Structures are given as structure tokens and as C-alpha cells.
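Biologist: I have the sequence and the structure open beside me. Can we walk through the model together, starting from a single residue?

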Amino acid sequence: MIAQQIINAVSLGGVYALLALGLAIVFSIVGLINFAHGELMTLSGYALLASLVLGFPFPMAVLVAVSCGALAAVAMERIAFRPMRSASVTSLLLTSFAVSSLLKVVFQNGISARPQAVAMPGWMTGAFSFGDFTIGVGPSISIVVSALALIALEVFLRRSVTGTAMRAAAEDFDVVRLMGIPASRIIATAFLLSGLLAGLAAMLWVAQRASVDPLMGFTPVLKAFIAAVVGGLGSLPGAVAGGFLLGIIEVLLQATLPAAIAPYRDAIVLSGVIAVLLLRPQGLIPAVRVQRS
Amino acid sequence: MPSLYRLHRAALCAAVFGVAAVSTASAEEIIIGAATAQTGVLAPYDQPALAGLRMALDELNAKGGLGGKYTVKLMIKDTRSDTAQTATVAQELIDAGARIMITPCDADPSISAGQLTQPLGIPTLTLCGSAPVLTGAVGDVMFGTYPADNVQATAVADFAVSEGKKKVFLLTSPDTTYTANLPEYFGKVFEKKGGAVVGRGTFTMGQPDFSAEITNIKGLADKPDLIMTAAYEPDFPAFIQQLRGAGVTIPVYGADAIGTPTIKALGKLVDGVVYTAAGYAEPGSKLEAFNAAFTKYAGHAPESTYEVNGYEIGLILDQAVKTAGSDDPKAIRNAIANLRDFEGITGKITYAGTNRMPLRPVALMRYEGGEGKHVETLIPDAADVPAP
Amino acid sequence: MLSVEALKIRYGEVEAVRRVDLTVDSGEIIALVGANGAGKSSTLGAVAGLVPAASGKVVFDGADITGLAPEAIARKGVALVPEGRRIFASLTVADNLRLGGAVHQPAAEARVREEEMLELFPVLRRYHRVKGGNLSGGEQQMLAIARALMGKPRMVLLDEPSLGLAPQLIDTVFDLIAELRRKGLTILLVEQNVALALEIADRAVVLANGEVVLAGTAKELASSDLVRQAYLGA
């Protein structure tokens with residue numbers, strides 16, 4: 001039972017970590033909390049649905065959906081954020097809210113206000129048994145996919161020049177440009193990665209929820225924001241730590257709170273977040289940023 | 001002083017529209033205000049119901065209007081599935097001269113609109129809000145139209161008992177009256193008829209993850225043979241996907257809110273799920289004829305029984321205006337409250353002697369192979385229905 | 001090689017640079033000296049593309065580079081070693097160098113270049129896998145210069161290379177600058193330590209309140225009364 005809840009926590013935490021990482025990557029480079037990140041997820045969800053309706057095999061549909069998320073993120077940067085590049089952080093934030101609301105309305109009016117069912121393949125319902133211990137296929141997929149995505153991202157950031165440049169840009173963007181590395185490439189890559197992460201997270205999210213709806217992105221982006229802040233805004237390891245912490249706290253509370261207090265679950269989680277921030281105002285693993293005069 | 005200026009302008013607008021309302025609401029016209037959700041979580045319920053109502057009103061207008069006398073002007077405003085916004089648009093509709101108010105498919109926004117219409121005596125009907133506490137919370141102008149939660153729950157419980165189910169797990173959410181109370185009504189009837197409630201769990205609407213609840217269900221010492229919930233979209237798909245994904249095969253029963261195309265489209269995932277509807281279109285029935293007519297009217301088949309329920313609201317209003325013989329809101333209210341054995345499309349509808357939640361049949365349905373199959377239609381024994 | 005003509009820089013209402021004209025010929029070291037806030041760093045920033053010019057022109061190799069993005073100017077062969085070194089603290093020495101040569105050359109060439117840099121700065125070889133933030137100030141300065149040189153620039157802009165360094169380290173850094181010039185690099189040096197700057201430079205330009213107040217050969221300036229009184233404390 002306890003082992004089971006640990007698996008639940010890791011599975012949920014992994015999804016939160018992917019989401020928080022998507023926000024953190026963009027924030028670390030351009031200082032923008034992209035609240036339209038959730039709509040990238042929604043878009044990927046609809047792309048999955050469309051691909052399945054068109055009769056694509058499931059793996060192909062997932063590929064299409066994740067690519068859609070990534071491309072949409074790049075397009076979003078191109079169309080909405082690039083013209084605002086020299087604007088203040090507040091203007092960027094408002095722009096991201098505007099993009100988010102706009103996309104929601106487009107989904108509602110263009111597709112449907114009603115959730116659309118996404119029938120997951122049958123093998124996703126079921127469980128592996130080890131003696132009297134069972135682990136569901138759903139959580140297993142979440143855990144494996146999150147772990148692989150985190151490892152792949154880590155390898156990219158460590159080994160590739162662009163990845164290294166992104167880590168450097170998080171510290172000091174101007175100096176990266178002084179090295180002759182184009183700002184647009186770094187920013188576009190940041191959005192591409194965040195879109196990929198949003199797409200992957202959307203797949204896990206939809207696999208667990210079996211439907212997509214226009215407002216689907218709201219809760220995840222909120223959780224991601226909380227996780228990213230707890231972890232240390234703009235810090236990538238922090239985002240991962242924050243995501244897992246949030247997942248663990250949520251599952252723990254859900255599993256143990258008596259029914260009478262259960263409605264206060266979210267309030268308790270947020271109080272915990274405030275407590276963490278009081279103890280560590282910069283988050284669990286603060287971002288490295290150069291102090292400039 | 002921009003705010004003052006704006007206020008001034010708003011007052012001016014209201015005045016202009018007020019005049020307009022008076023001038024257009026001539027003796028032969030009656031305004032029905034529909035404060036309903038075009039967007040948000042309630043939209044999937046309000047929209048089909050509203051489509052049915054609209055069809056009825058179009059047909060009635062072609063025959064001279066409500067009671068053959070009063071041409072209906074239907075004014076629709078979006079509540080965005082928000083309770084506060086519902087009150088705002090309800091007030092706008094009242095200001096525009098609405099004499100009858102239609103409210104969303106949920107108790108909370110319906111109550112917030114009802115608090116505005118009650119002092120004015122404007123009869124107010126919820127599209128498919130089914131909480132039995134709803135009408136009592138507002139007062140004598142508020143009417144339910146759909147089978148009430150406690151009636152539906154009794155029907156499902158009767159059925160579960162007849163199937164030989166013994167132990168139930170209740171999954172509720174405190175977020176709405178519907179999700180909080182319906183499973184509890186079920187539990188009361190189920191226990192009274194010899195069953196046992198072996199566990200309870202709660203969720204928050206929009207909650208991403210049900211794994212902890214599911215693990216609790218798996219860990220119960222006394223294994224349930226049934227899970228009863230009133231969760232709906234998108235929580236119901238999420239719950240059942242994760243439940244089956246965790247390898248739990250216990251049947252899940254719900255109520256009317258999961259009788260939607262979205263849930264049906266989940267296919268094998270929802271095989272065996274029992275839910276309720278306001279009626280079932282047996283061959284040769286009036287409902288079957290309605291469905292055909294609706295398909296012609298809307299260009300698509302009804303998604304659920306919310307359409308026919310909306311249509312029946314139109315018929316009820318027509319009958320009430322006919323009985324009242326006027327467009328006076330108070331007279332219309334009294335006429336609705338005294339309706340007895342009114343022949344709707346789905347069966348007989350009675351308000352007389354109730355607390356304004358109608359007595360009407362409940363159809364039990366079961367998903368099988370991606371289709372909703374009719375199990376039986378019954379009117380629960382009034383003595384079995386738990387008090388709200 | 002580089003000419004700055006009537007450069008003006010504004011930060012909001014504040015005029016940081018009112019008018020700067022200067023030229024740097026190929027193979028020269030030009031020192032830009034002056035008190036704190038005289039506009040030296042702003043001038044370098046404008047040349048490198050980090051700071052927008054309010055008016056005036058920067059010409060490099062006959063091409064107008066005013067208003068180009070920093071990355072575009074870097075690709076033309078101008079490298080800035082910024083004030084305060086600004087090495088990437090969370091990246092290893094190796095990664096810092098790698099980024100320096102990232103886009104200018106194929107990977108194989110970059111590796112050859114890195115080897116050259118490690119020859120030139122043996123300390124960087126020793127700390128190759130150490131994070132930049134763990135190096136001492138002098139080592140960081142070496143790294144910052146090596147990183148700038150990775151892209152094989154033809155001109156280097158050095159902003160306060162002596163700042164915050166111990167005296168013997170300052171000597172090392174300046175020996176290195178002299179060495180780079182011998183190898184044919186053109187250098188524009190901003191330095192508060194005027195004596196040191198005049199010692200190494202061919203020519204110098206003195207800024208005060210955002211304007212050029214004096215220009216000439218290093219020797220002339222070192223003996224000018226104004227410079228002696230204001231900057232050399234004599």
C-alpha cells in the first residue's frame with residue numbers, strides 16, 4: 001500500500017516535473033512565465049485525437065501530437081513573443097495570458113466546448129503483477145516516459161553545443177551573444193524544448209484522463225508554475241525537484257487526509273509551498289544568475 | 001474620473017435598453033431569458049438542453065406562441081459556467097424584461113439566478129439542474145425539470161440491489177451539490193435495502209490524478225462490488241481510465257451526467273457503466289419521433305436526453321401560459337406548480353404536490369460496446385426516495 | 001580597422017556618452033582611459049553591439065556595424081572581454097571555451113584552437129573540468145580572454161582586465177596582452193589603471209564626462225600635465 005502510493009507520487013511528480021521544466025526552460029532564457037504553456041498541451045491533445053480519428057497508428061499519432069506541441073511553441077514565440085522581445089517582463093506575461101485566452105476561445109469555438117473522448121489503446125488499462133504487488137500500466141508509462149525525457153534533456157543540455165549555450169544563456173544571455181551565438185536560435189530552441197515537454201506531458205496527461213477539452217491546460221500550467229517557483233524559478237534542476245515534491249505532497253495528502261479535511265487539500269498544498277518559500281525564498285535549488293552592475 | 005464616466009454610461013445604456021425592452025415587449029410578446037453556459041464546464045450540458053428548448057419555442061412561435069398567444073423572444077446570455085457571472089447576466093436579462101428565466105444545469109448558478117428572480121416572482125426553470133435542494137434553497141419561483149438527484153439515485157440503487165450488489169464504495173466531490181449528494185442518496189437507499197457502504201473517497205473537480213484514491217480502493221479490507229459516483233466530464237473519464245489502468249475491474253455506476261457522447265466515445269473503457277436518462281426512445285415512442293424531428297431541426301441527432309428535456313420545458317411553459325391565460329409571471333408560476341400528469345415526450349410529468357422537483361420516469365442505461373443500451377425505465381417508489 | 005564617429009549613447013534621460021571619436025589601426029593597442037563613469041565601458045558596449053547608439057557610427061573593416069546584433073558583430077571578428085569577466089560560472093572551463101568557438105568554426109578546428117588556448121593558458125588545462133565559478137579572479141580573467149580568443153577574432157575589446165586582481169596577476173595579464181599584440185591582434189583596451197594602460201598602449205584616448213578630452217600617443221599622454229595630475233597622481 002505504501003509502496004503503491006510511492007509509485008503514484010513518482011508517477012504524478014514526473015508529469016509535473018516535465019511541465020515545470022517546460023516553463024523553467026523558457027523562463028531561464030527570456031524571463032517569461034509562459035502561461036500559454038497549458039494551451040500547448042491542449043493543442044497536442046487535440047492533435048493526438050485528430051491523428052487517431054484519421055486512423056494513424058497509435059505510436060505515429062503520439063509522434064504527430066508531440067511534434068505539434070513543439071512546432072506550436074516555436075510558432076508562438078515567432079508570432080507573439082518575438083515582436084515583444086525588448087518589452088518588459090510584465091508585458092511579456094500579459095502577452096502570454098492573452099495568447100492563452102485566445103487559444104482557449106479558438107478551441108472552444110473551433111472545436112467544441114465539450115470534452116472529446118480519446119480512446120486509449122486497450123493495453124493501457126491493466127496492471128503488471130509481482131506476487132501480490134501490482135503496478136498499473138498507466139503509472140508505469142508515466143514514470144518511464146518522464147524518466148527518459150529527463151535523461152534525454154540532460155544529455156542534450158550537457159553534450160550539445162546548443163544545449164551548453166542554453167545553460168550559459170540562463171546565466172548571462174548577453175555574453176552568449178558576444179560569442180557569436182544568435183539569440184534567436186537560443187530562444188527558438190528554448191521554446192522548441194518547452195513545446196516538446198508540453199507535448200510529452202500532454203500525452204501522459206491525456207493517457208490518464210482519456211479526454212481533451214479546451215480548458216485542459218489550466219490545471220497543469222498552474223501546477224507547473226507552483227512546482228517551478230518551489231524549485232527556484234528559472235532553475236532546471238529546481239523545476240524537476242519542485243515537480244516531484246508537489247506530486248509527492250499531493251498524493252500523500254490525498255492518501256492520508258480524512259474525508260472531512262479533504263476539501264482543503266489544495267489549500268494545504270499551497271500552505272506548504274509558502275512554508276518552503278519562507279525557508280528558502282529562492283526556491284529549493286536556486287537558479288545561477290550573474291549579478292550585473 | 002474614468003470610473004464615474006463609465007458608471008454614467010452604463011446607466012445610460014440600461015435606460016436606453018430598458019425603454020427598448022418596454023417598447024418591444026408589446027402585448028403579444030413574452031421575453032424568456034436564458035442565462036446559460038455557452039463556455040466552460042457546464043456548456044456540454046446547457047447547450048443540448050437549450051437546443052431542445054429553442055426547437056420547442058420555434059415550433060410554438062410558428063403556432064402563435066406560448067398558449068397560442070404570446071410570441072416568444074428568447075434572449076440568451078453566456079454565464080461562462082461561473083456562478084457570479086450567472087447572477088450578472090440574470091440581472092441583465094431581468095432588466096431587459098424577461099418574464100421567465102432559464103438557468104444552467106447546475107444548482108449553484110441556478111440558485112444565484114433564482115435569488116434575483118424570487119423577489120420579482122419570475123418563474124425560473126433550471127435546464128437540467130437536478131439537485132433536490134435547489135428549489136428549496138430559492139423559493140416558490142424555482143422549478144427543476146429533470147429527474148431529481150435523489151430520484152435518480154433511488155432508481156440506480158433499486159437496480160443495483162436487484163442485480164445482487166452488496167457493497168458499494170462512494171466517490172464524491174464537495175465541489176458541486178450534484179457530485180457531493182447524489183452518491184450519498186444512493187448510499188442511503190442502498191443501505192436501507194440491505195447493502196453496505198464499505199468506503200468513501202473524495203476528489204476535487206479538475207483533479208489531475210486519482211491514483212491515491214484508487215490505491216485506497218484497492219487496499220480496502222472489505223472489497224466493494226460496486227463504485228458509485230456522480231463525477232462527470234472530464235473527471236469521470238480520468239477516474240475510470242486510471243481505475244482500469246491500475247487493474248481494478250469493479251463496476252462503476254453513475255447518473256445522468258455521464259450520458260453524453262464523450263463518455264460513450266470512451267468505448268470499451270466504459271463497458272458496463274450504468275447511468276440514467278430522462279427517457280429512452282423505444283420504437284414507436286414519442287421520444288423516437290422527437291429524436292427524428294430534432295435531427296431534422298438541428299442537423300444532428302440528440303446527444304442525450306437533455307435535448308428532449310429542454311423541449312419539454314417549452315411544452316410545460318406553453319401549457320402553463322395556456323392555463324394562466326396571461327403572461328403574468330405569477331400566474332405562470334402558479335400554473336406550473338399545479339401541473340399534474342402532464343403528457344410530455346418522455347412520460348407523465350407532475351409538479352403538483354412536490355417541492356417543485358418533478359415526478360417523472362427515470363430510464364436506466366448501460367454502456368456496452370460503445371453504445372448506450374436501455375436496461376429499464378421506472379418511476380421509483382416515492383417512499384424510497386431519500387429526503388433532500 | 002575600427003573607427004567610432006560621433007558616438008552618442010543615452011540610457012533613458014541620461015547621456016552616458018556625449019561624443020566619442022576614435023580610430024584603431026590594425027595591430028595597435030589603443031587604450032581608452034578615464035575616471036569611473038566617463039563612458040568607457042558604454043563605448044565598448046556600443047562597439048560590441050550590446051548597447052544601442054543614440055547617434056553616430058561604428059565602422060569595422062570598412063563596414064558600418066552600428067546597430068548590428070552582438071552575435072553578428074562577433075561573427076565579423078570583434079570579441080569583447082566584458083568587465084567583471086562574466087564567465088559562465090556553472091559551466092566547466094571546457095564548456096566555456098567550447099562556447100567561445102562554437103559557431104565560428106567546424107568542430108575539428110575548434111578543438112585545435114582550444115589546444116592552442118590551453119598551451120597559452122596552462123592553468124586552464126589544469127582546471128579543464130572545473131566549473132568556472134570555482135576559479136580564482138585571475139584564472140577567471142584568463143578564461144574570459146581565452147574564451148574570447150576561441151573564435152579567432154581579429155580585434156579584441158578588453159574591458160578593465162585588471163579589475164579586482166592582485167598586483168602580480170595584473171602583471172601576468174598585461175604580459176599576455178602584450179604577447180597577443182605581438183601575434184598581430186588589434187586591441188582596444190579600457191582601463192582605469194592609467195599608468196599601466198599607457199605603458200602597454202600605442203595610443204590612448206582620454207574620456208571625461210562622455211567626451212574625448214585628450215588623444216595622442218601613449219608617450220605624449222604619459223607626459224601631459226593633465227593626465228599626470230588627473231590620473232597618474234603626480
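Biologist: Is Ala387(B) buried or exposed?

Modeller: Bear in mind that this is a predicted model. Ala387(B) sits in the segment after strand 14 (371–378) of chain B. Within 10 Å it has 8 other C-beta atoms, and the cut-off for this class is 12 or fewer, so Ala387(B) is exposed.

Biologist: How far apart in space are Ala387(B) and Asn150(B)?

Modeller: In sequence, 237 residues separate Ala387(B) from Asn150(B). From C-alpha to C-alpha, the spacing between them is 7.6 Å.

Biologist: Which strands stand at the edges of the open sheet of chain B?

Modeller: The sheet has five strands in the order 2-1-3-4-5, with parallel pairing.

Biologist: Which residue of strand 13 of chain B stands opposite Val274(B)?

Modeller: Strand 10 of chain B and strand 13 (residues 362–368) of chain B run antiparallel, joined by four bridges. Strand 10 (residues 274–277) of chain B is covered on both faces. Val274(B) and Thr276(B) are buried on one side, Tyr275(B) and Ala277(B) on the other. The residue opposite Val274(B) is Arg366(B).

Biologist: Now the chains. Which pair of chains has the most contacts?

Modeller: Two pairs of chains touch. Chain B and chain C do not touch, and their nearest C-alpha atoms are 30 Å apart. The pair with the most contacts is chains A and B.

Biologist: Which helix of chain B gives the most to the side that touches chain A?

Modeller: The contact takes 33 residues from chain B and 40 residues from chain A. Elements giving two or more residues on the chain B side include helix 2 (43–62), strand 7 (196–202) and helix 8 (211–218) of chain B. By class, that side has 13 nonpolar, 14 polar and six charged residues. The top contributor, with six residues, is helix 9 of chain B.

Biologist: Which helix supplies the largest share of the side of chain A that touches chain C?

Modeller: Here 19 residues of chain A are in contact with 22 residues of chain C. Helix 6 (161–171) and helix 7 (173–178) of chain A each supply at least two residues to the chain A side. That side divides into 12 nonpolar, two polar and five charged residues. The largest share, six residues, comes from helix 6 of chain A.

Biologist: Why does the radius of gyration of chain A agree with a compact globule?

Modeller: Chain A has 11 helices and four strands. Its C-alpha atoms fill a box of roughly 60 × 50 × 35 Å along the principal axes. A compact globule of 293 residues would have a radius of gyration near 19 Å, and chain A agrees because its value is 19 Å.

Biologist: What percentage of the residues in chain A is buried?

Modeller: Take the contacts in chain A between residues at least 6 apart in sequence: 77% of them join residues at least 24 apart. Of the 293 residues in chain A, the buried part is 54%.

Biologist: How many residues does the largest nonpolar core have?

Modeller: Among the residues with the most contacts inside the core are Ala20(A), Ile29(A) and Leu157(C). Leaving out residues up to four places away in sequence, Ala20(A) touches several residues, including Ala224(A), Gly231(A) and Gly243(A). The count for the whole core is 288 residues.

Biologist: Last, chain C. Which helix gives the most to the side of domain 1 that touches domain 2?

Modeller: The domain assignment gives domain 1 (1–77 + 155–234) and domain 2 (85–153) of chain C, with centres 23 Å apart. In the contact, 13 residues of domain 1 meet eight residues of domain 2. Helix 2 (70–75), strand 7 (155–159) and helix 7 (167–182) of chain C each supply at least two residues on the domain 1 side. The most, four residues, come from helix 7 of chain C.

Conventions:
Residues are numbered from 1 along each chain as its sequence is written. Chains are lettered from A and ligands numbered from 1 in the order in which they are written. This is a predicted model: local features need pLDDT of at least 70, side-chain atom pairs count only at pLDDT 80 or more; totals for chains, interfaces and linings use all residues. Two residues are in contact if their C-beta atoms, placed from the backbone, lie within 7 Å. Ala, Val, Leu, Ile, Met, Phe, Trp, Tyr, Cys and Pro count as nonpolar, Asp, Glu, Lys and Arg as charged, and the others, Gly among them, as polar. The radius of gyration is taken over C-alpha atoms; the globule rule is 2.2 Å times the number of residues to the power 0.38. A residue is buried if 20 or more other C-beta atoms lie within 10 Å of its own, exposed if 12 or fewer, and partly exposed in between; C-beta atoms are placed from the backbone. Two strands pair if DSSP finds at least two bridges between them. A nonpolar core is a set of buried Ala, Val, Leu, Ile, Met, Phe, Trp, Tyr and Cys residues joined through C-beta atoms within 7 Å. Domain bounds come from an automatic or database domain assignment.
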